[in-house]
There are 2 protein chains.
Amino acid sequence: MIEAAIGVDAGGTYAKIAAVTPAGRILRQERLPTRPELGPGSFVRRISELVAAWRRADGMRLLGLGLGIAGEVDSEKGRLRFAPNLKGWDGYGFKAALTRSLRLRVSVENDANAAVWGGYVAELKRRPRSVVGVTLGTGVGGGLVVEGRLYRGFTGSAGEIGHMVVEPGGELCHCGSRGCLEAYAGSYGIVRAARRVLSESARASRLRGGKSIDPERIAQAADRGDWAAREVWSRTGRRLAVGLSNLVLLLNPEAVLLLGGVSRAGHWLLDPIRAHLRRQPFAVPFGRVRLIAADNPDGGCLGAALLALEDGARRR
Amino acid sequence: MIEAAIGVDAGGTYAKIAAVTPAGRILRQERLPTRPELGPGSFVRRISELVAAWRRADGMRLLGLGLGIAGEVDSEKGRLRFAPNLKGWDGYGFKAALTRSLRLRVSVENDANAAVWGGYVAELKRRPRSVVGVTLGTGVGGGLVVEGRLYRGFTGSAGEIGHMVVEPGGELCHCGSRGCLEAYAGSYGIVRAARRVLSESARASRLRGGKSIDPERIAQAADRGDWAAREVWSRTGRRLAVGLSNLVLLLNPEAVLLLGGVSRAGHWLLDPIRAHLRRQPFAVPFGRVRLIAADNPDGGCLGAALLALEDGARRR
């Protein structure tokens, strides 16, 4: 019987569920609507039903379940502390509920931590000891791999890279502060920058007109030579570069991993960051760090599943 | 025979040497001029002669020697990579030279790392798992304690807190960049802020007039109610707060330890930092972190000695 762990990546709209082997191969996968308005109990019930059906159909021996969830998580207690995109779910004890319904070892993790762990395992086969992962989506999150393990910090909230301030008094962030990295490098910050670039000039641009603007469209326009789109990536990259330089100075990682949809902008994002890093005065840490953009849409559930196995191994 | 390790804290002007027991008690201590112009070989010879004299006089059994040195250090090879304040010393292999002359196990470390480790051991008896230490002197340095150990990063330069940018395009830093934390919270940055405050107004202040301005004088003036001095600490504290908030978001430490001469300004520095931390949107990490100012002038050699013992224990 094949051994696997279940990984769940729960966002505000959809959740992805996968059965993953200890080696990181995805055996099966499904997507279901999160439906926050039905409450966390309904979510746990639907997840549990799906997992029970997989167990019956495939005869998998399940080793554990890992849940990555968008919000602040108390991973020791397996409780969601605070989740702005899952209204009414604050305080819910996912670990207790899922353990009860599935009789599995359960671990609960912030979704960015899970995605970074998934990216780390999938993209960096040599498993470098110290890596910073940054998830670039609507929001900006992150996770730290220190001495080859996910580092959670004192209260489990380490890696809040998106809310590090890169411009005091700068643009407004969804968290309520000003000048956070997310306010520039989250997709809403990028779209805001695009509107600003367009408003500063009357020049024609592919970004003008009907269709709504998103990072994908801005990347496509940049590919086609659009001046405004290129200016947007240059500004975004420069802000991201300030944040990443600070991370390199502090943590001296072997690699910085850019994950999430926005990382698909590829060299449009990486070129201004690399140019900034090359100008830094500390030659060794900046010269040696590898900068990798690797969007892996399955990274969240892969990482959640593998973290559940890690946690299990540590406790045995 | 009493067991001890030698700790050396080598700055640009003076070096402190101490014999330290494994429990952290300082048995004896001396200060000698570094005299960078005589070269690193002379420095090693003078240190070795002193240690040899101590050995004969006290009959100590020496377990190792730790050198903390102001500069970028390759701690694996025990070599100084780059030291702006020790001209001509770049590239010198301290570990090889000291091992040869003293026949002891030698470890070489950045001086801020050594000072943070000394402060961690001396001030935080419970040894919390994750601590950020910031050394506030002429320059601003730092060190990270992660899972109860000093974290050095991929190439040994982790903890360069002083050069994290807190104000893009801001004040000029000694490193050549602009807007680094050190450009505001290093003593030269604080003195520059004082001159600026004085130039913005014609109001009388204790900081005006003959004597040169330094952080100690600014703290004394603040104690006596001087408006300009208080304004300087408020500005310095706000900049430092931006940097420390970023550290808390990223590392979620149990404690932040402020070390070095400037930390003696005490509440003048801590009050604006605490006010800023209280306003942050992430309640748990900011609510739980302890902020401690503890200048320990012996922290550097204490930490260097104890790190030599740690390294030894790890290799055994």
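1. Is A:E310 buried, exposed or partly exposed? A:E310 is partly exposed, because its relative accessible area is 24%. Here buried means under 20% relative accessible area, exposed means over 50%, and partly exposed lies in between (1.4 Å probe, protein chains only).

2. Some ground rules for reading this note. This is a predicted model, in which local features need pLDDT of at least 70, side-chain atom pairs count only at pLDDT 80 or more, and totals for chains, interfaces and linings use all residues. Residues are numbered from 1 along each chain as its sequence is written, chains are lettered from A and ligands numbered from 1 in the order in which they are written, and side-chain values use heavy atoms, with hydrogens and water left out.

3. Back to A:E310. Its side chain meets that of A:R149 in a salt bridge, at 3.8 Å from N to O. A salt bridge is a side-chain nitrogen of Lys or Arg within 4 Å of a carboxyl oxygen of Asp or Glu. A:R149 sits in strand β10 (residues 149–151) of chain A and A:E310 in helix α10 (residues 299–315) of chain A, so the pair ties together parts 161 residues apart in sequence. Helices (H or I, at least four residues) and strands (E, at least two) are DSSP runs, numbered from the N terminus. A:R149 also counts as partly exposed, because its relative accessibility is 35%.

4. B:R61 and B:E3 form a salt bridge, with their closest N and O atoms 2.7 Å apart. B:R61 is in strand β4 (residues 61–69) of chain B and B:E3 in strand β1 (residues 3–10) of chain B, 58 residues apart. B:R61 is partly exposed at 43% relative accessible area. B:E3 is partly exposed too, at 32%.

5. A buried pair deserves a look. A:E72 forms a salt bridge with A:R81, and the closest N and O atoms are 3.2 Å apart. Both A:E72 and A:R81 are buried. A:E72, A:D74 and A:R81 are linked in a network of salt bridges. Over all chains, the rule counts 32 salt bridges.

6. Now the interface. In chain A, 40 residues are in contact with 40 residues of chain B; contact means heavy atoms within 4.5 Å. About 3,500 Å² is buried between the two chains, and carbon and sulfur atoms give 64% of that. Buried area is the accessible area (1.4 Å probe) that two parts lose on being put together, summed over both. A:Y151, A:F154 and A:L250 supply 21% of the area that chain A buries against chain B, more than any other three residues.

7. Which elements of chain A give two or more residues to the side that touches chain B? They are β9 (140–146), α7 (227–251) and α9 (283–288). The largest share, six residues, comes from α7(A).

8. A:N252 lies in the loop between α7 and β11 of chain A. A:N252 is buried, at 0% relative accessible area. Its side chain reaches the backbone nitrogen of B:T155 at 2.8 Å. The backbone nitrogen of B:G156 lies 3.1 Å from a polar atom of that side chain. Beyond its neighbours within four places in sequence, A:N252 is in contact with residues including A:S130, A:P285, B:Y151 and B:F154.

9. The buried residues of α1(A) include A:F43, A:I47, A:L50 and A:W54. They pack against β1 (3–10), β2 (14–20), β3 (26–33), β4 (61–69) and α2 (94–102) of chain A. Just after α1(A), A:G59 takes a positive phi of about 60°. In α8(A), the buried residues include A:W268, A:L269, A:P272 and A:H276. What covers the buried residues of α8(A) includes β8 (131–136), α6 (215–223) and β12 (290–293) of chain A.

Notes:
A polar contact is a pair of N or O atoms within 3.5 Å; within protein, one must be able to donate a hydrogen and the other to accept it, and residues adjacent in sequence count only if both atoms are side-chain atoms.
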